[in-house]
Amino acid sequence: MSQTLSIDPSRVIPDELLRRLDVPGPRYTSYPTADRFVEAFGPPDYRQALRERGQGARVGGSAPLSLYVHVPFCESVCYYCACNKVITKHHDKAAEYLDALDIEIGLHAAELGAGQPVSQLHLGGGSPTFLSDAELARLMASLRAAFRIVPGAEISIEVDPRTASPARLRELAVMGFNRISFGIQDFDPAVQQAVHRVQSFESVRDLIAGAREHGFESINADLIYGLPKQTPASFQRTIAQVTELRPDRIALYAYAHLPARFKPQRRIDAADLPPPEARIRMLGAAISGFMAQGYDYIGMDHFALANDSLAAAKRQGRLHRNFQGYSTQPDCDLIALGVSSIGRMGATYSQNAKTLPEYYDALRQGQFPTVRGLALTRDDVVRRAVIMALMCQGRVEFESIALSHLISFQEYFAAELEALQPMVAGGLVEIDADAIQVTASGWYFVRGVAMLFDRHLRADQTRERFSRIV
Ligand code: SF4
């Protein structure tokens, strides 16, 4: 086992910025964010969006296609969980779910035509590895029958280490998976017990070794700070253990304790949660610890080894952002399959039914299970371009936005440019005649810069101020 890292986080990033980083807020995996979706957007709207994509493809103008499949089942609940999942030990439930997915896949093939090229496929959950190898192989066969997964496509899967073995990873590799993400969260036994997710360092070490042996091109590890029983000292041991395993990528998420919203979190004793100062120390230790061990800070909650494709994309200004976070893939239309999953099609977003009965009902009637979504306005599309440029490149070129969207940037965003001035004064942002540039220290706070361009958020803030006044 490696030694605890003894790095002073304040040498890398000042506490003031860490505090700004450790606040809840939109992650801008989409703009507008999913809380803005409306129920008026239903199956006919989604079908129309697919048709428009089909028409675009016929004249050679469609974006590449990405697929996401949500597998909601987990055998036991992690108390920090905020995902849409179904806790069950009954594996026979999977068959009915796969039948429904087959119908949903078929509806897409019927609308778009079979054999649409796919450059990215991701299985998430829940726990995709709740499915047996035979069930996963069946799902992959259904997808391959309906879509053409192109050579070199990124095919990734989230793996709960408690449901996998190195032998299982070999089967996943045979099915075509070439990227893998392990949910680690924390290695400390007291923390693992407090969140009801016990998995040893040794089991994860063996899985990561197995993933390398079976040729996975990229291995990701998910961590969470702010969990019950975590201390700066215990989390530094986890950081050291994770860097010893050398995953290609690390995602570090902040735990948000919202027991009124997420039922499993009610089993966490709030008295066990680390205080704000300890959270800041853990975040700082993680950033400085990962960077000291050769990881580049990609942005928001992502780190990658300097030779990983994500780090190369960051250096070359080719980062993109989708529902999984940062990506090397150009902006894709995303078909999202399965209960509660969220997709993107042209200038629309859509979300499937959140419960299994609703999801099954719609599909049995031969309908897309879309229950909410959004058709973006022209203003949403312009702001999405600005927010994604900030989140991915940390730079917005006025001319590029002006030409693509036929606006004068300085006039359209006069109020936002004004609102950026305190950040300019604070050294987080620079503005010249051509562009907004987020500085190196501003990059840790890029979400805060993006939030200034979020019209929906600013409207809420204005409403709140107004309701305080009247
Ligand atoms: S955190 Fe993941 S594995 Fe745990 S209950 Fe939630 S979805 Fe399932």
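A search of the whole structure turns up 27 salt bridges, where a salt bridge is a side-chain nitrogen of Lys or Arg within 4 Å of a carboxyl oxygen of Asp or Glu. In general, side chains of opposite charge can pair when their charged atoms come close. This is a predicted model, in which local features need pLDDT of at least 70 and side-chain atom pairs count only at pLDDT 80 or more, while totals for chains, interfaces and linings use all residues. Residues are numbered from 1 along each chain as its sequence is written, and side-chain values use heavy atoms, with hydrogens and water left out.

**Salt bridges around Arg179**

- Let's start with Glu154 and Arg179, whose side chains meet in a salt bridge at 3.9 Å, N to O.
- This pair links distant parts of the chain: Glu154 sits in strand S5 (residues 147-159) and Arg179 in strand S6 (residues 179-185), 25 residues apart. Helices (H or I, at least four residues) and strands (E, at least two) are DSSP runs, numbered from the N terminus.
- Are Glu154 and Arg179 buried or exposed? Both are buried, and here buried means under 20% relative accessible area, exposed means over 50%, and partly exposed is in between (1.4 Å probe, protein chains only).
- Arg179 also has a salt bridge with Glu217, at 3.7 Å, N to O.
- Arg179 lies in strand S6 and Glu217 in the loop between helix H7 (201-213) and strand S7 (218-225), so this pair ties together parts that are 38 residues apart in sequence.
- Arg179 counts as buried because its relative accessible area is 12%, whereas Glu217 counts as exposed because its relative accessibility is 51%.

- Asp379 forms a salt bridge with Arg383, and the closest N and O atoms are 3.0 Å apart.
- How are the two placed? Asp379 and Arg383 are 4 residues apart in helix H12 (residues 378-393), so about one helical turn separates them.
- Both Asp379 and Arg383 are buried.
- There's a network here too: salt bridges link Asp379, Asp380, Arg383, Glu416 and Arg455.

**A charged patch on the surface**

- Glu399, Glu430, Asp432 and Asp434 gather in a patch of negative charge on the surface.
- What makes a patch? Patches are made of residues with over 30% relative accessible area and no salt bridge, with like charges joined within 9 Å and nonpolar side chains (Val, Leu, Ile, Met, Phe, Trp, Tyr) within 5 Å.
- Glu399, one of the patch residues, has its place in helix H13 (residues 398-405).
- Glu399 counts as exposed because its relative accessibility is 58%.

**Cysteines**

- How many disulfides does the structure hold? The count is 0, with a disulfide being a pair of cysteine sulfur atoms within 2.5 Å.
- Cys83 is in no disulfide, and the nearest cysteine sulfur, that of Cys81, is 4.0 Å away.
- Cys83 counts as partly exposed because its relative accessibility is 42%.
- Cys78 is buried, with a relative accessible area of 9%.

- Some background first: most residues other than glycine have a negative phi, and most peptide bonds are trans.
- The peptide bond from Tyr31 to Pro32 is cis, with omega near -10°. Look for Pro32 in the loop between helix H1 (15-21) and helix H2 (43-58).
- Gly125 and Gly126 are joined by a cis peptide bond as well, with omega about 25°. Gly126 is in the loop between strand S4 (116-125) and helix H4 (133-146).
- His196 isn't a glycine, yet its phi is positive, near 60°. You'll find His196 in the loop between helix H6 (189-194) and H7, and it counts as partly exposed at 35% relative accessibility.
- Arg246 isn't a glycine either, and it has a positive phi of about 55°. Arg246 sits in the loop between helix H8 (232-245) and strand S8 (249-254), and it is partly exposed, with a relative accessible area of 31%.

**Ser288**

- Ser288 has its place in helix H9 (residues 276-292).
- With a relative accessibility of 1%, Ser288 counts as buried.
- Ser288 and Tyr225 are 63 residues apart in sequence and 14 Å apart in space, C-alpha to C-alpha.

Key. Areas by Shrake-Rupley, 256 points an atom, 1.4 Å probe, with all protein chains shown as cover. Lys, Arg positive; Asp, Glu negative; His and termini not counted. Charge placed at Lys NZ, Arg CZ, Asp CG, Glu CD.
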